[in-house]
Amino acid sequence: MRVVVIGGGIAGVSAAFALARRGAAVTVVDSGSAGQATAASAGIISPWASTVEGPFYDLYAAGAAYYPRVLGLLAEAGVARTDYRRSGALLVHEDPARLAEARARVEARARDAGAIVGEVRRLGGDDVRALVPVLAPGLEGLFISGGARVDGRTMRDALLQGAAHHGARCLTGRATLLPGPRVEVGGEPVAADAVLLASGAWANELLEPYGVRLAVEPQRGQITHLRVEGVDTGRWPSVHPLSHHYMVAFDDSRVAVGATRETGSGFDARVTAAGQRQVLSDALRIAPGLADATLIETRVGLRPLPTGQLPIAGPVPGMAGLHVVTGFGAVGLTMAPFTGDALARSILDGRLVPELTPFAP
Ligand SMILES: Cc1cc2nc3c(=O)[nH]c(=O)nc-3n(C[C@H](O)[C@H](O)[C@H](O)COP(=O)(O)OP(=O)(O)OC[C@H]3O[C@@H](n4cnc5c(N)ncnc54)[C@H](O)[C@@H]3O)c2cc1C
């Protein structure tokens with residue numbers, strides 16, 4: 001089967017890898033639009049403390065559980081580098097009651113999720129700062145050893161490389177969707193038996209001519225990367241102050257702090273003064289030890305925010321041969337590899353797999 005995947009973010013490349021390794025002839029098309037969410041993502045893979053419930057949480061948890069499997073499949077395809085590490089997730093708060101609530105939630109979920117969650121351990125202030133020395137005094141913690149982080153750009157490139165290993169090709173350019181469905185890039189047709197629309201926040205742009213509108217819109221996220229000179233941050237856990245923001249550490253003394261959630265931003269991928277102020281003041285409140293860090297850059301991504309609460313994955317009604325995957329919002333790096341695999345099976349078998357029925361468009 002010839003499948004054209006429109007969009008080379010994590011949603012598109014995850015499905016492309018899963019399709020190509022099952023023998024489909026895959027073409028990935030990406031326009032290189034400013035604001036790709038994947039390129040800006042923080043990279044936290046740790047769903048168990050989240051307050052969401054129902055099918056959203058189920059997909060979120062399945063996504064985290066699937067990571068070791070997809071990393072194994074990539075290794076088999078000769079792709080070793082993903083910058084995934086289970087360095088743990090550290091929830092922090094001044095109020096022990098808030099941590100107790102979170103602990104009950106995580107432990108209840110750990111019973112279903114199994115070994116992937118790892119150890120769940122309560123930490124006092126000294127132990128918290130022994131793990132992440134830049135944190136404020138007065139913060140206590142809950143450590144989840146199975147929490148992971150991955151570099152979104154490296155993971156995206158790894159999946160694309162894995163897909164290429166199985167014969168996929170990649171085109172740069174803006175795709176347009178024609179009836180059939182057929183795809184054109186730069187006025188040239190690209191042959192397809194099926195088309196997967198994986199263009200993130202831009203999904204509706206391609207569907208507009210057909211009077212189809214999905215429950216998804218762009219939500220800007222600004223995230224700042226800091227360098228803590230001379231400090232090995234590579235093993236720091238991600239830090240979650242039970243609020244809208246977080247901190248995630250990488251090798252090379254780098255820490256990402258953020259992020260804004262700017263609903264209604266449209267396709268405006270700028271760093272703004274207010275966004276920068278919010279990100280830095282949130283970060284310095286929980287981690288005053290970052291005050292002297294070097295500001296490297298601020299990345300901006302347009303999340304595909306699901307306005308109907310759930311991500312969208314499956315065949316588009318009334319448009320035979322057209323499938324869609326979008327609406328991962330703030331957690332697409334976690335959800336996409338699992339969803340891409342399930343979607344690949346659905347496309348090749350001609351029927352939506354049960355795991356995806358709550359998310360059918
Ligand atoms: C600041 C920030 C932090 C985040 N942190 C996390 C995190 O810690 N953990 C987590 O799990 N998730 C995180 N996310 C969410 C995650 O990044 C997104 O949910 C995910 O990247 C969405 O992937 P996508 O492939 O759907 O969209 P995108 O990555 O935006 O990719 C869509 C692609 O489609 C292309 N495109 C659009 N139109 C066309 C066209 N006509 N033709 C060809 N190509 C086209 C674009 O160029 C783009 O490359 C974060 C997001 C942001 C912004």
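Colleague: How many helices and strands are in the protein chain?

Modeller: This is a predicted model, and its protein chain has nine helices and 20 strands.

Colleague: What is the radius of gyration, and what would a compact globule have?

Modeller: The protein chain has 20 Å. A compact globule with 361 residues would have a radius of gyration near 21 Å, so the two agree. Taken along the principal axes, the C-alpha atoms fill a box of roughly 60 × 45 × 40 Å.

Colleague: And what share of the residues counts as buried?

Modeller: 52% of the 361 residues. As for contacts with a separation of 6 or more, 75% of them come from residues 24 or more positions apart.

Colleague: How is the protein chain divided into domains?

Modeller: Domain 1 covers 2-40 + 153-216 + 308-359, and domain 2 covers 86-147 + 219-303. Nine residues from domain 1 and nine residues from domain 2 make up the contact. On the side of domain 1 that touches domain 2, six residues are nonpolar, three are polar and none is charged.

Colleague: How far apart are the centres of the two domains?

Modeller: The centres of domain 1 and domain 2 are separated by 30 Å, taken over C-alpha atoms.

Colleague: Now the ligand. Which residues are closest to it?

Modeller: Gly9, Gly200, Gly221, Gly301 and Gly332 are the closest, out of 44 residues that surround the ligand. Elements that give two or more residues to this shell include helix 1 (10-21), strand 2 (25-30), strand 13 (216-227) and helix 9 (332-349).

Colleague: What classes of residue does the shell have?

Modeller: It has 20 nonpolar, 21 polar and three charged residues.

Colleague: Where does the ligand lie relative to the domains?

Modeller: Domain 1 and domain 2 both give residues to the shell, so the ligand lies between them.

Colleague: You listed strand 2. Is it mostly covered or mostly open, and what pairs with it?

Modeller: Strand 2 is mostly covered, with five of its six residues buried. Strand 1 (residues 2-6) pairs with strand 2 in the parallel sense, over five bridges. In that pair, Val3 stands opposite Val26 of strand 2.

Colleague: Changing topic: which way do the residues of strand 15 point?

Modeller: In strand 15 (residues 246-249), Tyr246 and Val248 point one way, while Met247 and Ala249 point the other way. All of them are buried.

Colleague: What does strand 15 pair with, and in which sense?

Modeller: Strand 15 pairs with strand 16 (residues 254-258) in the antiparallel sense, over four bridges. Tyr246 stands opposite Gly258 in strand 16. The two strands form a hairpin with four residues between them.

Colleague: What about phi in that turn?

Modeller: Asp252 has a positive phi of about 55 degrees. Ser253, in the loop between strand 15 and strand 16, has a phi near 60 degrees, also a positive value in a residue other than glycine. Most residues other than glycine have a negative phi.

Colleague: Where is Arg235, and is it buried or exposed?

Modeller: Arg235 is in the loop between strand 13 and strand 14 (238-240). With 12 other C-beta atoms within 10 Å, Arg235 is exposed. Its C-alpha atom is separated by 7.8 Å from that of Asp251, 16 residues apart along the chain.

Colleague: Last topic. Which peptide bonds are cis?

Modeller: Among them is the bond from Gly180 to Pro181, with omega near 0 degrees. Pro181 is in the loop between strand 9 (175-178) and strand 10 (182-185). Another cis peptide bond joins Gly258 and Ala259, with omega about -5 degrees. Ala259 is in the loop between strand 16 and strand 17 (262-263). Most peptide bonds are trans.

Note on methods: Residues numbered from 1 in each chain as written. Predicted model: local features only at pLDDT ≥ 70, side-chain atom pairs only at ≥ 80, totals over all residues. Rg over C-alpha atoms; globule rule 2.2 N^0.38 Å. Buried ≥ 20, exposed ≤ 12 C-beta atoms within 10 Å, placed from the backbone. Contact = placed C-beta atoms within 7 Å. Near = placed C-beta within 6 Å. Nonpolar A, V, L, I, M, F, W, Y, C, P; charged D, E, K, R; others polar. Domains from an automatic or database assignment. Pairing = 2+ DSSP bridges.
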